[in-house]
Amino acid sequence: MKFLTLTASALAMSTTLASAEELRIYNWSDYIAEDTIEKFEAATGINVTYDVYDSNEVLEAKMLAGAAGYDLVVPTSDFLQRQIEAGVYQKLDKSKLPNLKNMDVALMKGAEAYDADNAHSVIYMWGTTGIGYNVGKVAERLGADYSGDSWDMVFNPETAAKLADCGISMLDAPTEMIPAALNFLGHDPNSEDRGELQEAADLLTSIRPHIRYFHSSQYINDLANGDTCVAVGWSGDVFQARDRAAEADNGVEVAYVIPKEGALQWFDMLAIPVDAPNPDAAHKFIDFVMDAQITADITNYVWYASANAAALPLIDPEITADPGIFPTDAAKANLWGSDVHDPKYDRTITRHWTTVTTGQ
Ligand code: N2P
């Protein structure tokens, strides 16, 4: 009797194990709708483990080390390209991705600059790196007629000094911040000129005393609560801050601006590591998020632009009409993409960034 019971429970256990298919996702923080994972689990019976990061460098270190155990990750396009070259990602099996037909052809064509034939990746969301600010506090310090549409707000030491007391934060993203400083100085944001890079680093060092912190996710709540008043940040994150402030009804008005000098435009890409334990489930998830309604739900929650043409009619008109999320053609003309640079350039950037952030 006892033997039989044991056998029965052993059987039950192996059935559970067989049916509990796992999918491990590693994505940016604040980058998915509240119900996306739940809906995917309900639709497929696959259990999802969902971890987050807020830095391409952190993701890259894990990917290059290998055996991270993830089935799906979301590098930004220039990082993706370098990681493809390092052999980190597998080719997608497009026969498993019927919803590819929903993607915006022009945007996917743009992403081909980083991944030929879109062989390894699909655009998850895209956006810009601009400035989020507290409208009231900035007006108090710079005057009501300060236009707030320029990198002057953070890169001009005199302006930054006036804002320092209410808190300026900057992304801890060297490959985004140094090019923005280059652009402000009138140089090509992709410049590899050592002298120009030094000038950009010097500019950042000169404003360093006015920067409260370098961090790439904390600024959402800090802006929303009025604990900081200016953040160099990612478009959707700043809109989430605006949304959180409105929900808290705390009198904080947050605005996002793509500075008139221009800004970085990036694509975040869904990609499957070569050593993914469950690439089949990863394909299922990619196809799931390319569903028009699912991706519209994500954009409606995180305020990042979708590259899914079929989803556009399902996105809140407030979002599709906002030039901070879907830039106007005039603003688009000033956006730049991030080139992939050689390892020597990367070491230079890393060295400058250490000096800027630690003073050493
Ligand atoms: C989401 C940040 C995604 C933008 N919090 C970074 N490419």
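Modeller: Trp303 is found in the loop between α14 (292-302) and α15 (317-320); helices (H or I, at least four residues) and strands (E, at least two) are DSSP runs, numbered from the N terminus. This is a predicted model, in which local features need pLDDT of at least 70, side-chain atom pairs count only at pLDDT 80 or more, and totals for chains, interfaces and linings use all residues. Residues are numbered from 1 along each chain as its sequence is written, and side-chain values use heavy atoms, with hydrogens and water left out.

Trp303 is not a glycine, yet its phi is positive, near 65°. Most residues other than glycine have a negative phi. Trp303 is also buried, with a relative accessible area of 6%; buried means under 20% relative accessible area, exposed over 50%, and partly exposed in between (1.4 Å probe, protein chains only).

Asn118 also has a positive phi, about 50°, without being a glycine. This residue sits in the loop between α5 (105-111) and β4 (121-134). Asn118 is buried, at a relative accessible area of 9%.

Buried residues make up 53% of its 360 residues. Its C-alpha trace spans about 80 × 50 × 45 Å along the principal axes. Of the contacts (heavy atoms within 4.5 Å) between residues at least 6 apart in sequence, 73% join residues at least 24 apart.
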